[in-house]
Amino acid sequence: MNQKNGKNSIGLDSCFEELENPIDLFSKWFDKAKENEINDPNAVAVATSDNNQPNVRMVLLKGLSDKGFVFYTNFNSKKGMELKSNKKTSMCFHWKSLRRQVRVLGKVEEVTKIEADKYYNSRPYKNRISAWASDQSKVLDKRETFLNRIKEFEKKYPDQNKVPRPPHWSGWRLLPDEIEFWVDGEGRI
């Protein structure tokens, strides 16, 4: 723990504010991460499980409310299939520059079609096309196969303003049962 002018430089004395709703504290920490993290402060490890085998991967947090934490994915992917069969999941944010971490445990629910459409339509054209072209979590014989699928969907949807959301692409909201806040200190205190 570094001391500057008699104060803790990582804000240990003030970072665990006494707030009624832990989502409010997360929002404050997340705002600080947006100011300090070089890349993707919204990157979060999401863990799923099927047949008692945990799986973890990085996704991007794309929504936050008092209800929970939202991320989007291909529902036919391994993560999508596991979340359909086992709604229990967890996520972990790690902001190394802040020496802070937040773990969230709970169950997921599918976001509404309106939410999914709104977010999908805010994405760049290439991202919307790749949502159609990607067979996420499937074995890819060669890169050219994927690139050719992208070209096919670019031909199918040439108008960048009219790319419908694929039926297999939507979002999950993690409804927290537990949120753990952690700050590193000298001696890992």
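Which residue in β9 is the bridge partner of Val-102? That partner is Phe-181, and the pair gives us a way into the model as a whole.

## What you are looking at

This is a predicted model, where local features need pLDDT of at least 70 and side-chain atom pairs count only at pLDDT 80 or more, while totals for chains, interfaces and linings use all residues. Residues are numbered from 1 along each chain as its sequence is written, and side-chain values use heavy atoms, with hydrogens and water left out.

The protein has five helices and nine strands. Here, helices (H or I, at least four residues) and strands (E, at least two) are DSSP runs, numbered from the N terminus. The C-alpha trace spans about 65 × 35 × 35 Å along its principal axes.

Of the 189 residues, 40% are buried. Buried means under 20% relative accessible area, exposed means over 50%, and partly exposed is in between (1.4 Å probe, protein chains only). As for contacts (heavy atoms within 4.5 Å), take those in the protein with a separation of 6 or more: residues 24 or more positions apart account for 67% of them.

## The sheet

Seven strands make up an open sheet, in the order β4-β3-β7-β8-β9-β6-β5, and the pairing is antiparallel. β4 (53-60) and β5 (63-64) are at the edges with a single partner strand each, so one side of each has no neighbour in the sheet. Two strands count as paired if DSSP finds at least two bridges between them.

Let's walk through part of it. Then β6 and β9 run antiparallel, joined by six bridges, with Asn-74 having Trp-169 in β9 as its bridge partner.

β7 and β8 form a hairpin with four residues between them. Arg-99 sits in that loop, and its phi is near 60 degrees, a positive value in a residue other than glycine. With 25% relative accessibility, Arg-99 counts as partly exposed.

Asp-40 also has a positive phi, near 45 degrees, and it is another residue other than glycine. You'll find Asp-40 in the loop between α1 (22-36) and β3 (43-50). Its relative accessible area is 48%, so Asp-40 is partly exposed.

## Helices against the sheet

Helix α3 (residues 113-122) lies across β6 (69-74) and β9, and it runs at about 90 degrees to β9. That angle is taken between N-to-C directions, on a scale from 0 to 180 degrees, using axes that are lines fitted to C-alpha atoms (for helices, over the stretch in contact).

In α4, the buried residues are Tyr-125, Arg-128, Ile-129, Ala-131, Trp-132 and Ala-133. They pack against α3, α5 (143-156) and β9.

## The largest pocket and Thr-73

The largest pocket has a volume of about 360 Å³. Of its 17 lining residues, the closest to the centre are Tyr-72, Thr-73, Arg-123, Gln-136 and Trp-169. Two or more lining residues come from each of β4, β6 and α4 (125-133), with β6 giving the largest share, four residues.

A pocket here is an open set of points on a 1 Å grid over the protein atoms alone, where a 1.4 Å probe fits, with protein on both sides within 12 Å along at least five of seven lines; lining residues have an atom within 4 Å of a point. Grid points are joined across faces, edges and corners, and the volume is the space filled by probe spheres set on the points.

Thr-73 is worth a stop. This residue is in strand β6, and at 3% relative accessibility it counts as buried. Thr-73 and Trp-169 are 96 residues apart in sequence, but 5.8 Å apart in space, C-alpha to C-alpha. Leaving aside neighbours within four places in sequence, Thr-73 is in contact with Lys-79, Gln-136, His-168, Trp-169, Ser-170 and Trp-172.
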